Amino acid sequence: MWTSGSSERFMLSKLMMGELDEEEEEEEEEAAAEASSSEAMVPHAHNMLLQQPPNYEMVSYTEEAVQDAPSSIAIDVSYKQEIRPLLDVVDRLRNLDITKEGIELPSIVVVGDQSSGKSSVLESLAGIKLPRGQGICTRVPLIMRLKSCKDEAEASISIEHPGCKEERIEESEITKKIKSATAAIAGEGSGIDFAPITLQVVRTGAPDLTMVDLPGITWVPIPGQPPDIHEQISEIIKHYISPKESIILNVISADVDFSTCESIRMSKDVDERGERTLAVVTKCDRAPEGLLEKVTMNAVNIRLGYVCVRNRVEGETNEEARQKEKALFNSHPKLKKMDKSIVGIPVLATKLMQIQARSINKSLPTIVKKIDTMLSERQAELSDLPQHLCNSREADIAFVKVLNSMKECLNKIVIEGDFKQFQDDKQMHCTARLREMFESYYNDLRNTGSIGGKFLAKETEMLEEAKGVGLPNFLSRPVFLNLLQRLVDQITDRSLELVFKVWEYMENVIMQIIDFYCHCYPQLQSETRRVVQDLIQKMKEECEIHVKKLIQMEKLVDFTLSPFYMETYGRLLTSKGDFMERLRNLVAETLNYGSHSGMTMVVDGFGEVDVSDIMEVPMERVEAAYDMQMSVLAYWKVVTLRMGDGIPLYLQFVCKTLVMDQFNYDILTQVGGPRFGAMDQLLEEGPLVATKRRNLTSSIELLRESKATVASIMDRIAKV
C-alpha cells in the first residue's frame, strides 16, 4: 500500500530529477494519491516500486563537465543500473503490443518539421548513421532503443518490423536495412505508414533511451506522395503524441520563428501548457543571432526547457562532431554566453534519461493497475460467454439450460410481472403493456353504446316497419336484436384487432428473449424462432376463432342472468315520463311551424339531443321507441362488461398456457428431440461469438504475460 513515508520518498525522487515547480508538485501529489488506490500486481514487486522509487539524481553539467564528457556519452553506472530495468519493463510491454489493449506506455516521441534535423539528433544520441536524403527520410515510425553495455563484446544492432522477426545487423547495414523495411511497410516511393520499424542499438556508453522518430512535417507533396500527405503525417504524429504518457521531443531549427513552427503548434494542440514537451534546437551555428533570447524568453512556453545542439554533418565522425560541438558553444561570440546546462548532446542525453525515468516512475503504477483492471474485465467478459462446448453431452446439457432460462424469463415477465432483467426496456414490461391494450379495448366498447345522431329516430322507424297484429305494450324482439347486432358489428373489427395486437406484441417479446439467450448459437436461434413462430401463429388462429364465436354469440343470443340489466333498465326509465311530457309541450308549441328541423331537448343522462325526427311521430310509438332504446342500452352495458372482461381474460389464459406448457413442449419435441446426442452441431458457436472468444482469450494471454513480465523484472530489481 502507499504510505505517507513512501509518498514522501516518491516526491523526493521527483524533486531530485528535475525542475519541479509548485504546480507540478501538486499534480505529482494527486498522481501519488491515485496510485495509492491500486492493488499490488505482485505484492513484493509493486510495493518495492511504490515505496522505493529509483534515486535519479540530477546530473549537473558544468562547462568543465561538458568539456570532459567523452563522445560516447558515458552515464553514471549506478544511474543506468536503476533506469535500465524500468525501461526494460516498458520495452517488453511495447514488444507485447500492450497498447492495442488501450494501455498507453510512456514514450519519448521525436517530432519536427521536415529537415529540422530529427534523424541527426538521433544519430548523435545513438552514435550511428541513419538514412539521409532529400524529402522525407523517415516514412514510418522508427522506434529506437538505445541500451548501454559493459564492453564491446556485448554490443549489437538489430532491426525488426511487422512481418519480419528480429534480425541482427552490422552498423554499416543500418541505412540499407531501414530503407528496405520502410519499402516493405510503406511501399516504394515516398508514401508513409503507421506500422513501425524497431531498431535496437546496444553499445558501451550509450544512453538508456527508447524514442520514437516520426515522419517530418511537410506541406507540399513530392512526386510519389499522396495529395493529403500533410494530413496523413499529422494523423500519425497526433496518434503518438496525444497520450498523456508521451514525452514530446520537439526538434526545431534555430533559423525559424519558434512561434510559427508547425511542430510546436501540433504539440500545443495536445500539450497546451507544454508540461511534457522538451525542445531541441538544431543548426545553432547557422542562426546564432538572438538564439539565447529565444530559448530564455520561452515565448512558446516549453515547460521541460530547451537544449541547443550542433548535429553531425556529412563526412564527420561522431567523435569529431562532439568535439566541434564543444568548440562551437565554448568559442562562438554569441553561443558561448549560453548556460552549459542547456547545450550539447551529452546534456540532451542526460536530460532525456531523467525525463524518461521520471515518466516511467510516474506511469508504471498506473499501468500495473490498468493491466489488473483490464485482465479482470476481460476474464469477466469471457466468463459471460456461453460455455465452449467440447462434445455432444455438453451440448445436450447446454440446450436444456438455455431452454430453462428462456422459460424462466418468460414466466417472470408474462405471468409474474417481474421485469428486472429488462428494467430499461419498457416494451418488455409485459403485464403493463397488455393491461394498456385491454383498457383501450374496454373504453372502445363503452364508447360504442353512446347516443349519437337524432334521438329515437332509428328506433321509431324500425318499430313502424315491424308493426303487426299483437299487443302494443310488448317490445319487438326482432327490433331489439337488430339494434343489438348493429352495436356488435361496430366492435367486431376492434375485438379482432385486439387479438392481432396482443399476439404481435407477444411474438416480439418472445423473439427478443430467444435472441437474448440463443444469440451465441445461430442455428439454435433460427430453429427456435421458427418453432415458436409456428406456435404463436397456431394460438393466434385459435384466439381469432374463439373471439369470432363470442361475437356471433352476442349477435344471435340475447341473454343474461345478471340483475345489473334490470337495475340499469329501470334507472334509465325514470326519466321517461318527464321526457314525454316535455316532448308533447314542445310539439304543441311548434304546431304551427312549417318545419321542426333543428329542434332539441335536454334529456337526463344523455344531455342535449336532436328530436326533430320524432316531432310528428305518434306519441305511443315514441314511448315504445324510448323503451326499446333504454332496453338496448341497458343490455349493451351487460355485453360491454362480458366482452370487456371475457376476451382479455381468454387472451391472458392462452398466453400463460403458451409460457407454462406449449413453449417448452414444442421446442423440446421439434428442436431438441430429433437431435439429442448430436446437439453439438445445433449449438455450434456463431462467427461473431467465436471471434469474440478468440479475441478475449488472446487479450487475456497478453495481459497475463504483461503482468508476469512486470512482476519478473520488478522482482529482479528488488534483488539487486
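This is a predicted model: local features need pLDDT of at least 70, side-chain atom pairs count only at pLDDT 80 or more; totals for chains, interfaces and linings use all residues.

Reader: Okay, then R433: is it buried or exposed?

Author: The cut-off for buried is under 20%. R433 has a relative accessible area of 15%, so R433 comes out as buried.

Reader: Which residue does R433 form a salt bridge with?

Author: Look three residues along in helix α14, about one helical turn away. An α-helix has 3.6 residues a turn, so residues three or four places apart point the same way. The partner is partly exposed at 44%, and the closest N and O atoms are 2.8 Å apart. That's E436.

Reader: And how far apart in sequence are the parts that E167 and K177 tie together?

Author: Their side chains meet in a salt bridge, 3.1 Å from N to O. E167 sits in strand β4 and K177 in helix α7, so the pair links parts separated in sequence by 10 residues.

Reader: What about D578, which residue is its salt-bridge partner?

Author: Stay in helix α19 and go four residues, about one helical turn. The closest N and O atoms are 3.0 Å apart. D578 is partly exposed at 38%, and the partner, partly exposed at 28%, is R582.

Reader: Last one: where in α12 is the kink?

Author: Helix α12 covers residues 345-384 and reaches 54 Å, close to the 58 Å expected. The kink is about 35° and comes shortly before the proline P365, at S363.

Technical notes:
Residues are numbered from 1 along each chain as its sequence is written. Side-chain values use heavy atoms; hydrogens and water are left out. Helices (H or I, at least four residues) and strands (E, at least two) are DSSP runs, numbered from the N terminus. The expected span of a helix is 1.5 Å times one less than its number of residues. The bend at a residue is the angle between axes fitted to the seven residues ending there and the seven starting there. A salt bridge is a side-chain nitrogen of Lys or Arg within 4 Å of a carboxyl oxygen of Asp or Glu. Buried means under 20% relative accessible area, exposed over 50%, partly exposed in between (1.4 Å probe, protein chains only).
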